[in-house]
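User: I'm new to this structure and would like a close look at one part of it. Could you take me through where the nonpolar residues sit, on the surface and inside?

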Amino acid sequence: ILKLLFLTLLIYQHYELDPENFVKITFITKDYNYFLKPVEYFYKIGIISYDGVSNFAGRLPGYWLPYLILRFFFTKKISIILLIIFQIILSIISNLLFSLLVYRKTKNEILFWISIFIYSSNFFLLPFEYMTMTESLSVSTSVIGFYYFNKFYQNYRLNINYLIISGFMLA
């Protein structure tokens, strides 16, 4: 809830400064073309391309995978909004898992709540949560990956699935 409150305030302030680049809660950055335009060409003409002619995956091709899946089912506008909602949900999950990791390592409930507050109010990362940029998704998947790697490391004989989830998130 705290993260959503901070996020709502940031979106409102940013919208007041630059309303023409917003689609509902989503801020379309200038890097949109590098990240998601190749998916639009794939959806329209069947090749991953920046200009519609030559092959081009853009920066960090993995970012467009969730967008590609959403794009098959929804319009461009709705897919972008759902991608940002996915980023926000993943960030909330990573916030909780990071705080659980802090609690498991320290057994200190106060540090658990402090870590939730610090992660939720990280103003270096929070603005990227509602933008079509990779920073939020990268941090969230890294935190989730380290959480599951830690679970695997502590119980490596019990469940190899933790290592698979960790590897998927860190890749």
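Analyst: Here's a walk from the nonpolar surface patch to the inside. Keep in mind that this is a predicted model.

Let's start outside. Tyr-43, Leu-65, Ile-69, Phe-72, Phe-73, Phe-74 and Ile-78 make up a nonpolar patch on the surface, and together they have about 720 Å² of accessible area. The biggest contributor is helix H4 (residues 64-73), which gives 4 residues to the patch. Ile-78 belongs to helix H5, spanning residues 76-106.

Now for the inside. The largest nonpolar core has 16 residues, and those touching the most other members are Leu-36, Val-39, Tyr-63, Trp-64, Tyr-67, Leu-83 and Ile-144. H4, H5 and helix H7 (135-154) are the elements that each give two or more residues to this core. H5 gives the most, with 5 residues. There's also a second, separate core of 5 residues, with Ile-84, Ile-88, Tyr-130 and Met-133 among them.

Tyr-147 counts as buried because its relative accessible area is 5%, and the cut-off for buried is under 20%. Setting aside neighbours within four places in sequence, Tyr-147 is in contact with Leu-97, Leu-100, Leu-101 and Arg-104. Take Leu-101: along the chain, Tyr-147 and Leu-101 are 46 residues apart, but their C-alpha atoms are separated by 6.5 Å.

Notes:
Residues numbered from 1 in each chain as written. Predicted model: local features only at pLDDT ≥ 70, side-chain atom pairs only at ≥ 80, totals over all residues. Heavy atoms only, no water. Patch = residues over 30% accessible without salt bridge, like charges linked within 9 Å, V, L, I, M, F, W, Y side chains within 5 Å. Areas by Shrake-Rupley, 256 points an atom, 1.4 Å probe, with all protein chains shown as cover. Salt bridge = Lys/Arg side-chain N within 4 Å of Asp/Glu carboxyl O. Core = buried A, V, L, I, M, F, W, Y, C linked by side-chain atoms within 4.5 Å. Buried < 20%, exposed > 50% of the residue type's maximum accessible area, 1.4 Å probe, protein only. Contact = heavy atoms within 4.5 Å.
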